[in-house]
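Please review the model below.

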There are 2 protein chains.
Amino acid sequence: MSATGESGAPGAGGEDRAVSPAEITAQVIARFDSCADPRLREIMQALVAHLHGFVTEVGLTEAEWAAAIGELTATGHITDDKRQEFILWSDSLGVSMLVDALAHPAPDGATESTVLGPFYVAGSPLRPYGADIAEQEAGVPAWVHGRVLDTGGEPIAGAELDVWQNGDNRLYAVQDEEAPDDHLRGRFETDAEGRFAFRAVRPVPYPIPDDGPVGRMLAATGRHPWRPAHVHIVVRAPGHRSVTTHIFDAESEYLGDDAVFAVKPSLMRTFEERAADDPERPEGVEEPWVSLELDLVLAPGEDEAAVKDLGRTH
Amino acid sequence: MSATGESGAPGAGGEDRAVSPAEITAQVIARFDSCADPRLREIMQALVAHLHGFVTEVGLTEAEWAAAIGELTATGHITDDKRQEFILWSDSLGVSMLVDALAHPAPDGATESTVLGPFYVAGSPLRPYGADIAEQEAGVPAWVHGRVLDTGGEPIAGAELDVWQNGDNRLYAVQDEEAPDDHLRGRFETDAEGRFAFRAVRPVPYPIPDDGPVGRMLAATGRHPWRPAHVHIVVRAPGHRSVTTHIFDAESEYLGDDAVFAVKPSLMRTFEERAADDPERPEGVEEPWVSLELDLVLAPGEDEAAVKDLGRTH
């Protein structure tokens with residue numbers, strides 16, 4: 001055993017001093033100065049500035065930081081190929097709508113966009129004009145029809161609609177163990193006059209998945225998880241900008257306080273109530289139904305942000 | 001089949017207009033106005049303001065947002081009970097050091113704190129005075145000894161040191177399949193004169209785990225993953241504030257550009273080089289070794305932020 005007799009100076013030496021929060025932030029930002037990619041440098045330096053700004057402004061404590069690490073970890077672990085809790089955070093904190101608004105600032109007469117949401121699954125079946133997307137009983141029949149137009153009002157032939165929605169049990173097929181994979185979703189092409197039509201059901205309000213970290217945040221902050229009734233549509237056509245949007249039922253609850261901030265006034269439509277014996281009823285319908293006429297308008301241009309199967313393959 | 005003849009109005013109606021980014025941010029902040037917990041309200045509203053501020057300032061694109069969702073998802077999926085990639089993000093973006101600086105602003109003569117890091121594992125074995133934490137060959141022997149003192153210079157008996165470090169293969173036991181679980185870690189108690197001593201090895205620089213999302217960020221931004229050589233110590237004693245700190249080898253590389261920004265001048269110490277035949281050599285040492293004398297100073301007070309096994313149980 002050995003122990004030298006002299007004692008070290010207790011604590012910090014005379015010249016040492018604590019490093020201040022502002023100095024730490026400056027150090028981290030400077031560390032990205034040599035990033036060769038100017039866009040990545042801009043993003044990382046702004047991310048550090050705002051992240052540190054948040055932590056400093058609220059004086060985030062070690063216990064709060066640890067709780068945040070725990071929630072992020074839980075978010076990662078609940079996320080799989082059918083559930084995307086990170087997108088749910090982005091939606092419930094309005095980041096998805098913000099990114100959308102920045103990407104699509106001026107509608108110019110084109111149909112406005114809104115969030116993709118966490119229930120999009122690529123590879124829906126291509127269905128013929130007028131086909132039913134409901135593969136089993138799912139609520140009040142809805143006949144949805146209209147045209148895809150350009151901003152000059154001319155029809156676009158061969159445009160693709162990629163449609164998905166929930167049924168009266170509130171669930172999308174991807175959430176519903178009992179439902180066929182392609183239930184309540186499908187792709188449709190417009191005809192030579194730009195026309196499309198499909199059978200669907202009247203969508204219903206539903207809560208976003210609230211049994212995980214986002215649900216805990218909503219409950220802790222006194223927010224509800226509900227979204228107003230809507231049908232999701234992505235419209236794509238060569239030579240035009242795709243649009244990812246919803247059509248909201250103008251009579252739905254929660255239009256004023258959508259949990260994911262996705263409602264835009266221009267996207268509300270009235271589902272017209274029709275009698276069982278209405279002569280315009282779709283084939284096979286023998287009960288009260290609704291109809292929705294809908295024109296969708298695409299801006300000209302390149303499609304820089306095609307919808308991909310985001311984050312699900314990790 | 002049915003199709004009404006009249007056409008819907010193309011695009012947005014006359015009164016509709018696009019919702020601006022600033023309006024979206026204001027909507028989301030207002031949604032937290034009714035949060036009953038004032039601290040949670042403050043945190044969520046500041047988080048939204050800074051998150052939206054970041055996205056708006058850089059004009060984050062849909063593709064960049066999707067890439068971020070993908071990296072967060074990958075971070076969640078690489079995180080398990082032995083690897084904590086969210087803490088690695090916090091460390092590599094300087095957030096951990098910032099939270100630490102906010103929690104421990106004034107050293108007041110007490111030993112300064114630094115990051116916990118991702119390799120802390122609770123439940124190290126309690127070892128006797130002078131015991132060796134190396135359970136197998138791990139590098140140059142180091143004799144670490146000194147006292148735990150209060151800020152008045154009085155020794156603290158019964159203080160606990162919780163120590164962990166890497167070996168000359170750069171790895172912590174938790175990273176090293178070949179090493180026993182308790183290799184290079186242990187807890188020690190100070191004696192009646194506040195003294196402690198243990199055998200260790202001289203630590204070596206090492207890269208933070210860089211085969212995941214944080215590593216991709218470092219590579220893409222031209223940063224290296226290296227940390228200067230250090231020994232981790234948490235010191236706890238009743239009636240005093242715990243300190244989570246490192247002791248840095250003052251002769252190490254990377255002291256000026258630690259990948260996790262954890263170096264503070266007051267935490268650097270010189271490991272004194274000793275000859276194999278030095279009469280003060282610890283029992284069993286027959287090779288060149290190093291010694292480190294170290295006094296650790298605790299501030300009085302309550303311990304509000306005991307080190308827990310952060311985020312690993314999800």
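The notes below go from conventions to chain, interface and helices.

## Model and conventions

This is a predicted model: local features need pLDDT of at least 70, side-chain atom pairs count only at pLDDT 80 or more, and totals for chains, interfaces and linings use all residues. Residues are numbered from 1 along each chain as its sequence is written, while chains are lettered from A and ligands numbered from 1 in the order in which they are written.

## Chain A overall

Chain A has six helices and 11 strands. These are DSSP runs, numbered from the N terminus: helices are H or I with at least four residues, strands are E with at least two. The radius of gyration of chain A, taken over C-alpha atoms, is 26 Å.

Of the 314 residues in chain A, 47% are buried. Buried means 20 or more other C-beta atoms within 10 Å of the residue's own; exposed means 12 or fewer, and partly exposed lies in between, with C-beta atoms placed from the backbone. Two residues are in contact if their C-beta atoms, placed from the backbone, lie within 7 Å. Among the contacts in chain A with a separation of 6 or more, 70% join residues 24 or more positions apart.

## Domains

Chain A splits into domain 1 (21-78) and domain 2 (85-298). The bounds come from an automatic or database domain assignment. The two domain centres in chain A, taken over C-alpha atoms, are 36 Å apart. Four residues of domain 1 of chain A contact five residues of domain 2 of chain A.

## Pairing of the chains

The contact takes 105 residues from chain A and 105 residues from chain B. On the chain A side, H2(A) gives the largest share, 16 residues. That side divides into 54 nonpolar, 36 polar and 15 charged residues. Ala, Val, Leu, Ile, Met, Phe, Trp, Tyr, Cys and Pro count as nonpolar, Asp, Glu, Lys and Arg as charged, and the others, Gly among them, as polar. Of the interface residues of chain A, 100% are also interface residues in chain B, so the copies meet through the same surface.

## Two helices

In H1(A), the buried residues are A:Ile24, A:Thr25, A:Val28 and A:Arg31. They cover an arc of only 125 degrees around the axis, which puts them on the same side of H1(A). The arc is that of the directions from the helix axis to the C-beta atoms. On the other side of H1(A), A:Ala22, A:Glu23 and A:Ala30 are exposed. The cover over the buried residues of H1(A) includes H2 of chain A and helix H5 (95-103) of chain B.

Helix H6 (213-221) of chain B buries B:Pro213, B:Val214 and B:Thr221. These fall within an arc of 105 degrees, so they line one face of H6(B). Their cover includes helix H2 (38-58) of chain A, with helix H3 (62-78) and helix H4 (85-92) of chain B. Just after H6(B), B:Gly222 takes a positive phi of about 75 degrees.

Conventions: Rg over C-alpha atoms; globule rule 2.2 N^0.38 Å.
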